[in-house]
Amino acid sequence: MIRHILTDGMDEFDLTRLDVYRSRGGYEALAKALRTMSPDDVVNEVKVSNLRGRGGAGAGTHFKWSTLPNDGRPRYLILNGDESEPGSFSGRMLVQKNPHLIIEGALLAAYACKMARIFLYLRGEFHEGAEVMARAVGAAREAGLVGDRILGSDFSVEFVVHRGAGAYICGEETAIMESLEGKRGHPRTKPPFPTAAGLYGMPTVIQNVETVANLAPIVANGGAWFAGIGPAKSPGTKICSISGRVRRPGNYEIEMGTPLRELLEEHAGGLEPGHALKFILPAGASSALVLPSQLDTPLDFDSMTAIRSMLGSAGMLVCDDRDCAVHVAYLGARFYHHESCGKCTPCREGTGWTEKVLHRMEHGEGRPGDTKRLSDLCAGIGGRKCLCLLGDFSVTYLESALRAFREEFVAHEAGGPCPVAHAALEVSAR
Amino acid sequence: MTALPAEEARAIVARYPSPRSAILPLLWLGQRTAGHVTPEAVQDVAELLDLRVSEVESVLSFYTMFRRRPPARCRLEVCRSLACAMKGAEEIVEHVREATGVEPGGQSEDGQFSIAYVECVAACDHAPAYIFNERMGGPLTREAALALIRGEGVGRP
């Protein structure tokens, strides 16, 4: 079911304005924390809440915080607003429409973990989002909510809005630190993990903007309230971005555990008339496809993993009978080849080879053995051979499509026009 | 410094625990000031941060959004990632190419417009999505694309 926590009032009110946000209870969680709670109290509420990261991996927020070493070095918080996964656009909406919820959550995280500074890393393409956030941070600073001695307390923290400049890889948690340090966005080896040695070598927590947006509601209402929403191991809500062949593409905040079918059929309006569902990529281009027979799967981290896919950032791309599995694979391969940072050989070379094979299959020049070639490439690129997961992501959909729609790939080996009707035909007939 | 507004540049550097972190924001400042990142701006960034020009260049060349040449007046970037490609983004760009002779990635000779493909801009709900002069929009149509590059604005979502 739809449940507005992060999106509460967002369509009715201009929450980008500090006065409006405050008139609806905004920054009261921060005031409550600073006046009545110790940092450990805030940590404890987050522990009780069982909040898990919304960026993709679903790591426990409290667990991440608990690995910060207590050694007196400055700690940093990086908010990941580099949203670049094809199919994901919930972060864009939060940044543009509810910036203070992100700021308030970040301040609570910084208070709980005694952070020295907060960096919001926004992807370069969010021109408007960067303007909205800069204005919001400025207004919060003027109101004494950011900077020195926040709300008259002993807690001080700076908030820096930092823009990327076009690179998918910078959403990866070690590349984002390299980029913030003013370098090319290449991933680092792990370990050390960011909480041990992150930004500038200091303990660093990296959280998706949607993750921290949950913190003000958690502190305001208590961790137990949050833990009671949806499945116990995967509580809260998730803003699902749904696009592709649906009648009402958009962002829908649902309770975790809501069946995929409900999101698709009730909220997104179902498929376009006269067409049948073929498959869904539930976590953007980098997720294993979900078939129509799996539509009753609850949308939460563990249920989606159980069907060999993932909830991830819940960027759902819906494909119908017009979409050829090979065409979708080609589009994904082209994206990953473009976005591979070039550091690790399996990903740098493998994404290029994969695109080349799929390009010829897609353009009527497939060769015998190409399907097998793609399977071999998947094996050669995947399996955590690289510093980051971009290479693995590039073959996740492909592997699942080779399992579910192998005959479509094999049919493309013969060359000639695509044997599966796809979008291009419909568009050129417009 | 010759190419960057000095006061603003120094304020940017002061935001970071390490000056080098200011490379991207300073390059953005340079692009905003001159329309593109000039060699003089790169020189300024290097001097300000005590780096070699080659170090600044190595960072600059990694990111796709910095322009090295003066921009066209109307800059249309069309997303070609999954949702947008499924909704016909490439057919629209092909239509523009046929109508104007300008290839994707290119610019008209008179500097009126440029058209380019970009990867997912996180606006799949407006597919085919585009960015026109730093503003996101969609769904793009053939007619809207031609109107945009002619400088006739169309409504935004």
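**A salt bridge and the loop that holds it**

Guide: Arg68(B) pairs with Glu57(B) in a salt bridge, and their closest N and O atoms are 3.0 Å apart. The term needs a side-chain nitrogen of Lys or Arg within 4 Å of a carboxyl oxygen of Asp or Glu. The pair links distant parts of the chain: Arg68(B) is in the loop between α4 and β1 (74-79) of chain B, Glu57(B) is in helix α4 of chain B, and eleven residues separate them. Helices (H or I, at least four residues) and strands (E, at least two) are DSSP runs, numbered from the N terminus.

This is a predicted model: local features need pLDDT of at least 70, side-chain atom pairs count only at pLDDT 80 or more, and totals for chains, interfaces and linings use all residues. Residues are numbered from 1 along each chain as its sequence is written, chains are lettered from A and ligands numbered from 1 in the order in which they are written, and side-chain values use heavy atoms, with hydrogens and water left out.

Now burial. Buried means under 20% relative accessible area, exposed over 50%, partly exposed in between (1.4 Å probe, protein chains only). Arg68(B) has 39%, so it counts as partly exposed. Glu57(B) is also partly exposed, at 26%.

Stay in the loop. Arg73(B) is found there too, between α4 and β1 of chain B. Arg73(B) is exposed because its relative accessible area is 51%. Contact means heavy atoms within 4.5 Å. Leaving out residues up to four places away in sequence, Arg73(B) touches Asp110(B), Gly111(B), Gln112(B) and Asn133(B). With Gln112(B) there is a side-chain to side-chain polar contact at 3.2 Å. A polar contact is a pair of N or O atoms within 3.5 Å; within protein, one must be able to donate a hydrogen and the other to accept it, and residues adjacent in sequence count only if both atoms are side-chain atoms.

Chain B is split into domain 1 (6-62) and domain 2 (74-149). Those bounds come from an automatic or database domain assignment. The C-alpha centres of the two domains of chain B lie 29 Å apart.

Next, from Arg73(B) to Trp28(B). They are 45 residues apart in sequence and 18 Å apart in space, C-alpha to C-alpha. Trp28(B) is one of the buried residues of α2(B). Nine of the twelve residues of that helix are buried. They pack against β2 (117-122), β3 (158-163) and α8 (173-180) of chain A, and against α1 (6-14), α3 (39-49) and α4 (53-60) of chain B. Gly35(B) follows α2(B), with a positive phi near 90 degrees.

Tyr63(B) also reaches chain A. Its contacts, beyond four places in sequence, include Tyr121(A), Cys170(A), Lys183(A) and Arg184(A), as well as Leu24(B). Tyr63(B) is among the residues with the most contacts inside the largest nonpolar core, which has 177 residues. Such a core is a set of buried Ala, Val, Leu, Ile, Met, Phe, Trp, Tyr and Cys residues joined through side-chain atoms within 4.5 Å.

Back to charges. Over all chains, the count is 37 salt bridges. One of them joins Arg188(A) and Glu181(A), with closest N and O atoms 2.8 Å apart. Both of those residues, Arg188(A) and Glu181(A), are buried.
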